[in-house]
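Subject: Structure handover

Hi,

Here is the structure we talked about. Please open it and follow along with the notes below.

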Amino acid sequence: MTDQTVPLFDTLVIIGPGLIGSSILRRGMDDRRIARRLVACDISPEVRARVAELGIADTVEADPATAARDADCVIICVPVGAIAMVAAQVMPVMKKGAILSEVGSVKVTVMEAMQPLLARYPDIAFVPAHPMAGTEFSGPDAGFATLFEDRWCLLTPPEHTPPTAIARVTALWEMMGARVRSMTVDHHDRVCAIVSHLPHLLAFTICGTADDLADETRSEVLDFAASGFRDFTRIAASDPTMWRDIFLNNREALLDMLDRFIADAQAMGDAIRTGDTDVIVSRIQRGRAIRRSLIENRQA
């Protein structure tokens, strides 16, 4: 339990106030039990100016090291390929006992890249997190304070991480409205490959297929798009840089799930070709059951 007579953190720093980062900031501005002082940091002058205009941070900084110097907790909210690079800038100046976290949706490669830094700065507690929430929008305007309500946040702390640091990060995400669970980095990446990364790969691909059709048919696809295709386009509107990094950094687990999907899709195609109604109906029923489970678990 945390003592809520004082904020959870005195100074909380968000590096990269995009959708996730700006949503954390907005929640923190609404609930001052989270942090007395909120600092946003971004290399983009335009992003910094917009954060200041929106009033979602107490202080806005351009330099990660400057932002992190007095922090009790720093959360890195940048594409997964840049997390270790940013960590290398902030860890040398972070005070003893401070917490470093990040919100990437791939963990194995991040942990591998972080190992030399963790060995060099053993007084900094590293508690990776992955809030399973998002939209197709990005940037500081995309964030909203209720983004994490009833969503899962997965923690993947390294072995020997101080329990007090894990407890404080858990408390942070619970104050964001999230449900929290811990798991290993390998398990995390396999779970996310099927529930998040493969669906995005399929969405990008099906939209590309539609775009490659002959002009007349392509026009009809865009004119008469039904809800199923529209759902794919919503997912496919996601940030290209972020998803490029996710695909490349979770390559092994993603390709394994893609191979499984291709085999299952081929089996469904064979059932349609041969008129095997039992297989067709069974697949549809399994999909309906999964949807009902998501609704019952408040994830839909």
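**What was found**

Leu12 stands opposite Cys73, a residue of strand E4. Keep in mind that this is a predicted model.

That pair belongs to a strand pairing. Strand E1 covers residues 9-15, and strand E4 covers residues 73-76. The two run parallel, and four bridges join them.

Now step back to the sheet around them. Six strands make up an open sheet, and their pairing is parallel. Read across, the order is E3-E2-E1-E4-E5-E6. Which strands stand at the edges? They are E3 (59-61) and E6 (125-126). Each has a single partner strand, so one side of each is left without a neighbour in the sheet.

There is another open sheet to look at. Three strands form it, in the order E7-E8-E9. Here the pairing is mixed. Strand E7 (129-131) and strand E9 (179-182) stand at the edges. Each of these two has a single partner strand, so one side of each has no neighbour in the sheet. On average, neighbouring strands of this sheet are turned by 20° against each other, direction ignored.

Strand E8 spans residues 152-155. E7 and E8 pair in the antiparallel sense, over three bridges. In this part, find His130, which stands opposite Leu154 in E8.

Last, the helix. Helix H6 is made of residues 163-175. H6 lies across E7, E8 and E9. How does H6 run relative to E8? The angle is about 165°.

Best wishes

Key:
Residues are numbered from 1 along each chain as its sequence is written. This is a predicted model: local features need pLDDT of at least 70, side-chain atom pairs count only at pLDDT 80 or more; totals for chains, interfaces and linings use all residues. Side-chain values use heavy atoms; hydrogens and water are left out. Two strands pair if DSSP finds at least two bridges between them. Axes are lines fitted to C-alpha atoms, for helices over the stretch in contact, and angles run from 0 to 180 degrees between N-to-C directions. Contact means heavy atoms within 4.5 Å.
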